[in-house]
Amino acid sequence: NGFILQLEHRLQKKRDHKGTKLKMIRVLVVDDHQLVRGGVVSILNQLGDVEVIGEADDGEHAITEAERLKPDVVLMDIIMPGIGGIEATRVIRRRFPDVQVLAVTAMSKDPFPSQLHEAGALGFVSKGCPADELAKAVHAAADGRPFVSRDVAQRMALARFSDDEDSPVSRLSSRELQVMLMIVKGVSNQEISEQLFLSPKTVSTYRHRLYEKLDVGNDVELTHFALRHGIVELR
């Protein structure tokens with residue numbers, strides 16, 4: 001298509017100007033669905049200056065691979081087993097500040113964009129975005145420039161004129177949201193404690209704080225709340 005032709009023309013100009021092989025953008029793709037990872041890898045492999053150097057299927061694996069491979073850009077899913085994408089983003093950005101994180105997810109509305117920005121993500125792309133938009137996002141992230149896909153930007157703009165900002169979800173802290181995601185995925189208090197390096201007592205405090213803020217009485221009601229508000233999706 002037109003974008004690919006423009007990209008190839010730009011790459012050729014850079015090669016002609018430098019007289020050397022163009023530096024590749026090294027990308028780590030993180031998603032717990034192999035089919036999704038395969039689709040993203042296929043798109044990126046069509047670009048002349050992008051090299052997929054690794055894949056990971058959860059947040060913990062993403063951290064270890066980021067340390068081992070030192071990619072330029074990490075394409076990070078949000079809703080995954082274990083610590084999930086938000087916490088993995090926070091850890092990667094803290095430990096490896098030269099690695100940029102670009103969130104790629106089906107959950108394209110707040111609180112995720114704002115929470116990911118707080119965690120250190122440079123951009124946000126929905127899984128429904130066109131291939132050329134994903135390519136632009138990767139190039140922007142590699143250059144250290146923020147990027148938000150069109151549908152996410154539209155949702156964020158519309159949220160300013162709605163009542164969503166007054167919803168209980170918008171008042172959750174980043175850590176509270178992370179604990180909530182793990183609870184509704186069925187992760188036990190002990191596992192949350194170990195994976196987030198929190199004491200079991202602190203995890204229990206977060207759990208009861210969530211109940212109070214969201215006006216729910218137990219984990220089942222919390223899960224129904226998360227589904228109703230689009231915080232998690234049925235898989």
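Which residues does serine 149 touch, not counting residues up to four places away in sequence? In this predicted model, serine 149 touches Phe124, Val125, Ser126, Cys129 and Glu133 when residues up to four places away in sequence are not counted. Serine 149 lies in the loop that runs between strand 6 (147-148) and helix 7 (150-159), and its side chain reaches the backbone nitrogen of serine 126 at 3.5 Å. With a relative accessible area of 0%, serine 149 is buried, because buried residues are those under 20% relative accessible area.

The protein as a whole has a secondary structure of 11 helices and 6 strands. Of its 235 residues, 48% count as buried. Among the contacts between residues at least 6 apart in sequence, 66% join residues at least 24 apart.

Two packed helices are described by the angle between their axes and the distance between the axes.

For helix 2 (residues 34-45) and helix 6 (residues 131-142), the axes come within 10 Å and cross at roughly 75°. This angle falls in the range of 65 to 115 degrees, and helix 2 and helix 6 are therefore roughly perpendicular to each other. Val40, Ile43 and Leu44 of helix 2 make the contact with Ala131, Leu134 and Val138 of helix 6. When the residues of this contact of helix 2 with helix 6 are sorted by class, 6 are nonpolar, with no polar and no charged residues.

Helix 9 (residues 189-196) and helix 10 have axes that come within 9 Å and cross at roughly 110°, so that helix 9 and helix 10 are roughly perpendicular to each other. The crossing in which helix 9 passes helix 10 is right-handed. On the side of helix 9, the contact is made by Asn189, Gln190, Ile192 and Ser193, and on the side of helix 10 by Pro200, Val203, Ser204 and Arg207. By class, the contact of helix 9 with helix 10 has 3 nonpolar, 4 polar and 1 charged residues.

In the pair formed by helix 10 (residues 200-214) and helix 11 (residues 219-228), the axes come within 11 Å and cross at roughly 55°. Helix 10 and helix 11 are therefore oblique to each other, and their crossing is left-handed. Here Arg207, Tyr211 and Leu214 in helix 10 meet Asp219, Leu222 and Phe225 in helix 11, and the residues of this contact divide into 4 nonpolar, no polar and 2 charged.

The loop between helix 10 and helix 11 holds aspartate 215, which has a positive phi of about 60° although it is not a glycine. Aspartate 215 counts as exposed at 70% relative accessibility, because exposed residues are those over 50%. A positive phi is also found at lysine 70, a residue other than glycine, where the value is near 50°. Lysine 70 has its place in the loop between helix 3 (59-69) and strand 3 (73-76), and with a relative accessible area of 45% lysine 70 is partly exposed.

Notes:
Residues numbered from 1 in each chain as written. Predicted model: local features only at pLDDT ≥ 70, side-chain atom pairs only at ≥ 80, totals over all residues. Heavy atoms only, no water. Helix = DSSP H or I, 4+ residues; strand = E, 2+ residues; numbered from the N terminus. Buried < 20%, exposed > 50% of the residue type's maximum accessible area, 1.4 Å probe, protein only. Polar contact = N/O pair within 3.5 Å; in protein donor to acceptor, adjacent residues only side chain to side chain. Contact = heavy atoms within 4.5 Å. Axes fitted to C-alpha atoms, helices over the stretch in contact; angles between N-to-C directions. Parallel < 35°, antiparallel > 145°, perpendicular 65-115°, else oblique. Nonpolar A, V, L, I, M, F, W, Y, C, P; charged D, E, K, R; others polar. Left-handed = near helix turned anticlockwise from the far one by under 90°.
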